[in-house]
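Open the model in your viewer and keep the selection tool ready. We will go from stop to stop, and at each one you select a few residues and look around.

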Amino acid sequence: MNKIYIDGEHLSLENIVDVARNYFEVDIDNSVLPKIENSRNLVDKFVEEERVIYGITTGFGDLCKVVISKDKSETLQKNLIRSHACGIGKPLDIEIVRAIMLLRVNSLVKGYSGIRLSTLNTLVEMINKQVHPVIPQKGSLGASGDLAPLAHMALVMIGEGEAFYKGQRLPGNEAMKLANIPIVNLKSKEGLALINGTQVMTGIGALVLYDSIQLMKMADIISALTFEALNGIIDAFDEKVQNLRPHKGQIDTAINLRKIIEGSKLVSSEGEIRVQDAYSLRCIPQVHGASKDAVNYVRNVLTTEINSVTDNPLIFYDEGKTISAGNFHGQPLALVMDFLSIALSEIADISERRIERLVNPTLSGLPPFLIENSGLNSGLMLVQYSAASLVSENKVLSHPASVDSIPSSANQEDHVSMGTIAARKAKVILNNVQKVLAMEMLCACQAIDLRGNKGLGKGTRIIYDIVRTQVPTIKEDKVMYEEINKCENLLKSGIILDEVEKRIGKLC
């Protein structure tokens, strides 16, 4: 059985994908056990001494002024989970829930939160035995972390709420019983430790980011196919050109395009057919490259966040003190998720423009809307309409969530990040971009057939052959959404990217 050991320091994006999607098991690394124990012992000491410490012997938010006696400390934690479980909307995907649980464990094992090892082990068991709390999508302000959605996760740990187990949606206590996982009686600080963090926005963001990295490579492959279908001028991708403006993403994209198109008999040289191409062809390295640079920046921020402590208050057992601060604030995630949304939207933006060039006879020199007997047949006319609709939707969704803030908790929490909204929007945009690229792939293959396939490049030949195993050349009008869906499924499956990289080498 594949297993990942969690120590709070080395969790990677790929580890998250393995646990979330491939159901790898997890375990807590032995090296962190003393930290967890020492942190917990200090919390117990403070409770016994009845020190006034936020969230341990006080209420929460603006109720921090209310001191709670030590005999009520456990009730305080259970009440916190129940009262904060105010999420609304459809449940998050199970893969996201698994990522959330993994990330919360990874943060808590660092030993700054005062949670018991036994409570952490319960969360680990839930991951390994596939008890997945029902976590509604909406309700987080992104500071103090993802309180509402994480409270739904913690509800199942105390035998309440709901969970998915073996394909069924069940009451939390029933799911835990069937999986043979004892429910938790939360001790002081533990409820707060479980829900005060950025793991929901980080979990969503991590999976969107992983898919975006793959999508950027697919955008290069698909755009190369369109480039050949339109007899693009290869000179624009020359290494000498890129080196005069050495943005890494631009250089990498041009390298990819040259590798993918190598050997093509469909591309042209400057002046052979026309003097220069339209921007949607000529500027692929510049546009795709800028989005890749944005994605790389997002990855740096997320990698830091994945292995960070985002709790409050923080327990510094070596100094025998606690500090109330703001590591739960989701602003770093909010900003980069908005940035990722913009970067993804631009990939669809330029893709839709290439689709228009493919279907427009005055721009392509091909039959109108890529179909013989046009007029009787409408061909791929409405494919461009749908792509334009998705691109327009992305523009609306790309309005930044991070510039908004609504004060909460009687103005004690007077600036919030909206980072989870930003992450959820990025996920919707990603899905729209995948669909637009699938439409371009469909149109490009059709255009290749109508142009006359004189010989595709090393990489484009691979994508064309794979598409044609699922989607034959369109001879007359048919139900088009089915063909789009087939192309989208191929894109998402990773088959095309895997095969291209296997034959021509890794893409940048």
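Buried here means under 20% relative accessible area. Keep in mind that this is a predicted model.

**Stop 1: helix H1**

Select residues 13-22, which make up helix H1. Which residues of H1 are buried? They are Leu13, Asn15, Ile16, Val17, Asp18, Val19 and Ala20. That is seven of the ten residues in H1, so the helix is largely enclosed by the rest of the structure.

Now show what covers these buried residues. The cover includes two strands, E1 (3-6) and E2 (25-28). It also includes helices H4 (94-108), H5 (117-128), H9 and H13 (284-306).

**Stop 2: the largest nonpolar core**

In soluble globular proteins, nonpolar side chains tend to be buried together. Here the largest nonpolar core has 153 residues. Select Val131 and Leu194, the residues with the most contacts inside this core. Then select helix H9 (residues 199-229), which gives the most to the core, with 18 residues.

Go back to Leu194 and show its contacts. Leave aside its neighbours within four places in sequence. What does Leu194 touch? Its contacts include Arg104, Leu108, Ile115, Thr119 and Leu123. Leu150, Met153, Ala154, Met157 and Leu186 are in contact with Leu194 as well.

**Stop 3: Val43**

Stay with Val43, in helix H2 (residues 33-49). Is Val43 buried or exposed? Val43 is buried, because its relative accessible area is 0%. Val43 and Ile56 are 13 residues apart in sequence, and their C-alpha atoms are 8.0 Å apart. Setting aside neighbours within four places in sequence, Val43 is in contact with Ile56, Gly114, Ser188, Lys189 and Ile315.

**Stop 4: helix H14**

Select residues 331-359 for helix H14, and find Glu352 in it. Glu352 counts as buried, because its relative accessibility is 6%. Beyond neighbours within four places in sequence, Glu352 is in contact with Gln384, Ala387, Ala388, Val391 and Val436.

Phe339 lies in helix H14 too. With 35% relative accessibility, Phe339 counts as partly exposed. Together with Phe339 they form a nonpolar patch on the surface, with about 280 Å² of accessible area.

**Stop 5: aromatic pairs**

How many aromatic pairs are there? The count comes to three. One of them is Tyr112 with Phe316: the ring centres are 5.6 Å apart and the planes are at 65°, so this pair is edge-to-face. Tyr112 lies in the loop between H4 and H5, and Phe316 in strand E8 (residues 314-316), so the pair ties together parts that are 204 residues apart in sequence. Tyr112 is partly exposed, at 31% relative accessible area.

Now select Phe227 and Phe237. Their ring centres are 4.7 Å apart and their planes are at 40°, so this pair is tilted. Phe227 lies in H9, and Phe237 in the loop between H9 and helix H10 (239-243), so the linked parts are ten residues apart in sequence. Phe227 is buried, at 0% relative accessibility. Phe237 is also buried, at 1%.

**Stop 6: salt bridges**

Side chains of opposite charge can pair when their charged atoms come close. The count here is 33 salt bridges. Select Asp93 and Lys427, whose closest N and O atoms are 3.3 Å apart. Asp93 lies in the loop between strand E3 (88-91) and H4, and Lys427 in helix H17 (residues 419-451), so this pair ties together parts that are 334 residues apart in sequence. Asp93 is partly exposed, at 36%. Lys427 is partly exposed, at 32%.

Another salt bridge joins Lys425 and Asp338, with 3.9 Å between the closest N and O atoms. Lys425 lies in H17 and Asp338 in H14, so the pair ties together parts that are 87 residues apart in sequence. Lys425 counts as buried, at 15% relative accessibility. Asp338 counts as buried, at 3%.

For the last stop, select Arg21, Glu95 and Asp211. Salt bridges that share partners join these residues into one network.

Key: Residues are numbered from 1 along each chain as its sequence is written. This is a predicted model: local features need pLDDT of at least 70, side-chain atom pairs count only at pLDDT 80 or more; totals for chains, interfaces and linings use all residues. Side-chain values use heavy atoms; hydrogens and water are left out. A nonpolar core is a set of buried Ala, Val, Leu, Ile, Met, Phe, Trp, Tyr and Cys residues joined through side-chain atoms within 4.5 Å. Buried means under 20% relative accessible area, exposed over 50%, partly exposed in between (1.4 Å probe, protein chains only). Helices (H or I, at least four residues) and strands (E, at least two) are DSSP runs, numbered from the N terminus. Contact means heavy atoms within 4.5 Å. Patches are made of residues with over 30% relative accessible area and no salt bridge: like charges are joined within 9 Å, nonpolar side chains (Val, Leu, Ile, Met, Phe, Trp, Tyr) within 5 Å. Accessible areas come from the Shrake-Rupley method with a 1.4 Å probe; for residues, only the protein chains shown count as cover. A salt bridge is a side-chain nitrogen of Lys or Arg within 4 Å of a carboxyl oxygen of Asp or Glu. Rings of Phe, Tyr and Trp (its six-membered ring) pair if their centres lie within 6.5 Å; planes under 30 degrees apart count as stacked, over 60 as edge-to-face and the rest as tilted.
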